Amino acid sequence: MNGRPQSARASGLYTPLHLALALPYRPEQEETPREEAVTADEVAATLQRLPELVNGREPLVRRGQFFSGEFLVEADGVPVHVKVTEGRVETVEKGPFRMRAWRFAIRAEADAWGRFWEPVPAPGYHDVIAMCRLGVARLEGDLRPLMANLRYVKEVLALPRGTLGGS
Amino acid sequence: MAAVFEPIVGRYFTLTLSGRACRIYVEEAGAGIPLLCLHTAGSDGRQYRHLMTDPAVTERFRVIAFDLPWHGKSNPPAGFHDEEYRLTTATYTEAILAVADALELDRPALIGCSMGGRIVLQLAAYHARRFRALIGVECADHQTSWYDTTWLNRPDVHGGEICAAMVSGLVAPQSPDESRWETLWGYMQSGPGVFKGDLYFYREDSDFRDRTALIDTGACPLYLLTGEYDYSCTPEDTLRTAAAIPGAQAVIMKEQGHFPMSENPAKFREYILPVLDAIQRAG
């Protein structure tokens with residue numbers, strides 16, 4: 001599902017090391033079925049908490065002090081516009097928009113954002129770049145401001161981790 | 001208060017590689033079977049400091065880690081300021097064998113992570129008789145390109161920050177913060193273009209898929225250990241590689257990412273000590 005690469009099947013040629021050396025072993029990560037899929041509206045509502053989550057964290061705001069810009073975070077095609085000024089999240093607005101400007105967009109399935117924000121995310125859903133590698137997210141637009149501030153943006157987006165359903 | 005020194009000792013020596021003098025930094029600890037350690041792309045030998053301070057390892061292994069030229073405390077060769085650094089299969093192999101020869105290591109065991117894991121396959125195929133065992137951590141025969149490496153070295157994006165931010169997700173969520181950030185610090189410190197130049201080897205010059213059949217694990221045992229959170233060298237990549245090499249032994253490590261020896265040393269012990277036991281038993 002979700003374009004996740006299929007696990008390689010053992011051909012029987014190699015020896016699983018856990019058998020040879022009595023190691024803990026988990027050859028294939030089972031997809032953990034989620035109790036209820038996260039919706040695009042829930043993703044937007046979660047993102048709208050970013051100002052309260054970000055702006056009181058002095059180290060994070062300081063890290064982003066040279067970043068001012070506007071970007072989209074999208075879930076199942078529903079865009080959320082985030083405006084940052086010198087490391088502080090000024091506004092978060094849910095679309096759709098008409099002619100709204102933005103520099104870069106981070107687009108993913110709502111379900112992927114839900115998995116990303118789980119307390120201990122499964123492999124592949126634990127990082128925005130990992131989700132891109134997995135094929136459940138993609139980066140678009142002018143990536144220069146994103147790359148120049150990648151740690152900041154990644155840490156901002158990860159802040160709701162473990163808080164879904166608790167707000 | 002008197003300093004309580006770690007058992008790690010570091011020294012420098014000069015090695016001629018591709019006709020050029022290279023000042024190499026090497027550190028070691030312990031005594032016994034030589035265990036040569038290869039760091040990941042864009043980092044250095046400090047990644048192995050926990051193996052070097054673990055008596056369960058150093059009581060029977062002489063653990064040796066060197067920094068490749070351009071990395072850590074090994075300088076780039078004279079003239080570097082006018083060239084673009086690019087590691088290749090040939091230059092990487094030359095450096096490893098030359099260091100082993102210079103240190104007069106007798107059939108060392110070797111452990112390499114990430115690009116160090118990739119070169120393990122080259123060593124297994126073409127130089128197996130020089131090693132008593134090969135351990136590829138985060139090792140696979142090929143990696144699908146998953147980002148544009150030009151972001152890693154350009155004047156409008158800070159090199160240290162982007163290298164660390166690009167690999168930060170390769171550390172498993174369960175890894176302790178102190179070890180996570182020490183691992184990333186290595187990436188923040190690498191010289192401009194070094195990580196990118198290493199990835200030339202990893203991405204462009206080392207597709208090993210058509211050569212795995214050359215590996216004879218009867219000549220030299222091959223162990224492959226990969227973290228479940230590694231999305232660069234994925235568990236699927238490693239298991240595919242292992243499946244193509246008769247006799248290769250593979251394990252997927254729980255709650256580990258791409259840098260197990262440095263991101264979660266306590267967890268890595270659970271996996272590496274049984275491998276070292278097996279190497280010791282084989283003699």
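E104(B) has its place in the loop between α3 and β5 (109-113) of chain B, where helices (H or I, at least four residues) and strands (E, at least two) are DSSP runs numbered from the N terminus. This is a predicted model, in which local features need pLDDT of at least 70, side-chain atom pairs count only at pLDDT 80 or more, and totals for chains, interfaces and linings use all residues. Residues are numbered from 1 along each chain as its sequence is written, while chains are lettered from A and ligands numbered from 1 in the order in which they are written.

| Residue | Phi | Loop | Other C-beta atoms within 10 Å |
|---|---|---|---|
| E86(A) | about 50° | between β3 (78-85) and β4 of chain A | 12 |

Chain B contains 10 helices and eight strands, and 55% of its 283 residues count as buried. Of its contacts between residues at least 6 apart in sequence, 75% join residues at least 24 apart, a contact requiring that the two C-beta atoms, placed from the backbone, lie within 7 Å.

Within chain B, the axes of helix α3 (residues 89-102) and helix α4 (residues 115-126) come within 11 Å and cross at roughly 75°, the axes being lines fitted to C-alpha atoms over the stretch in contact, with angles from 0 to 180 degrees between N-to-C directions. α3(B) is therefore roughly perpendicular to α4(B), a label given to angles of 65 to 115 degrees. T89(B), Y92(B), T93(B) and I96(B) of α3(B) make the contact with I119(B), Q122(B) and L123(B) of α4(B).

In the largest nonpolar core, which has 126 residues, M131(A), V63(B) and L134(B) touch the most other members; such a core is a set of buried Ala, Val, Leu, Ile, Met, Phe, Trp, Tyr and Cys residues joined through C-beta atoms within 7 Å. Not counting residues up to four places away in sequence, V63(B) touches residues including L35(B), Y48(B), L51(B) and M52(B).

Notes: A residue is buried if 20 or more other C-beta atoms lie within 10 Å of its own, exposed if 12 or fewer, and partly exposed in between; C-beta atoms are placed from the backbone. Angles under 35 degrees count as roughly parallel, over 145 as roughly antiparallel, 65 to 115 as roughly perpendicular and the rest as oblique.
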